[in-house]
Amino acid sequence: MSMKSLFVDRVRKVVRSIPRGKTMTYGQVARVAGSSGAARAVGMVMKNNYDPTVPCHRVIRADGKIGDYNRGGRERKEQLLTEEGAL
DNA sequence: ATAATGACGTGAT
DNA sequence: AATCACGCCATTA
């Protein structure tokens, strides 16, 4: 049985709203989702997300680094962002 | 109820 | 620019 917390649902909703060519930091996503300061927890959600309708590659770190990606690693993530013109 | 975990953030070195 | 130590939050892989 899948137990989807309110937090997870909100995070997914926010990430789904990020337009092509744009990005948000983990911290921003957390704040908009209503859990300011939960940047790390957002990372957990992204890590376990395999829903293709959630563009998790558009979520990057606040220090400018690319961050990780569970489907092809940072390489793939950077490639996708470049293709979308987000970099 | 507690401890461990981690696709983070920030300030200090 | 690159580490590091800590704090932070929700979840429990």
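**Protein surface at DNA strand C**

In this predicted model, DNA strand C is surrounded by Ser5, Phe7, Val8, Ser35, Ser36, Gly37, Ala38, Arg40, Ala41 and Met44.

**Make-up of the surface**

- Two helices, α1 and α3, each supply at least two residues of the surface near DNA strand C.
- Sorted by class, the surface near DNA strand C holds five nonpolar residues, four polar ones and one charged one.
- Arg40 is among the residues around DNA strand C, and Arg counts as charged.

- Arg40 reaches a base: an N or O atom of the Arg40 side chain is 2.5 Å from a base oxygen of DNA strand C.
- Gly37 uses its backbone: one of its backbone N or O atoms lies 3.5 Å from a sugar or linking oxygen of DNA strand C.

**Lys13**

- Lys13 sits in helix α1, which covers residues 6-16.
- Lys13 has a relative accessible area of 62%, so it is classed as exposed; the cut-off for that class is over 50%.
- Thr23 is ten residues from Lys13 along the chain, and the C-alpha atoms of the two are 14 Å apart.

Notes. Residues numbered from 1 in each chain as written. Chains lettered and ligands numbered in written order. Predicted model: local features only at pLDDT ≥ 70, side-chain atom pairs only at ≥ 80, totals over all residues. Heavy atoms only, no water. Helix = DSSP H or I, 4+ residues; strand = E, 2+ residues; numbered from the N terminus. Buried < 20%, exposed > 50% of the residue type's maximum accessible area, 1.4 Å probe, protein only. Near = heavy atom within 4 Å. Polar contact = N/O pair within 3.5 Å; in protein donor to acceptor, adjacent residues only side chain to side chain.
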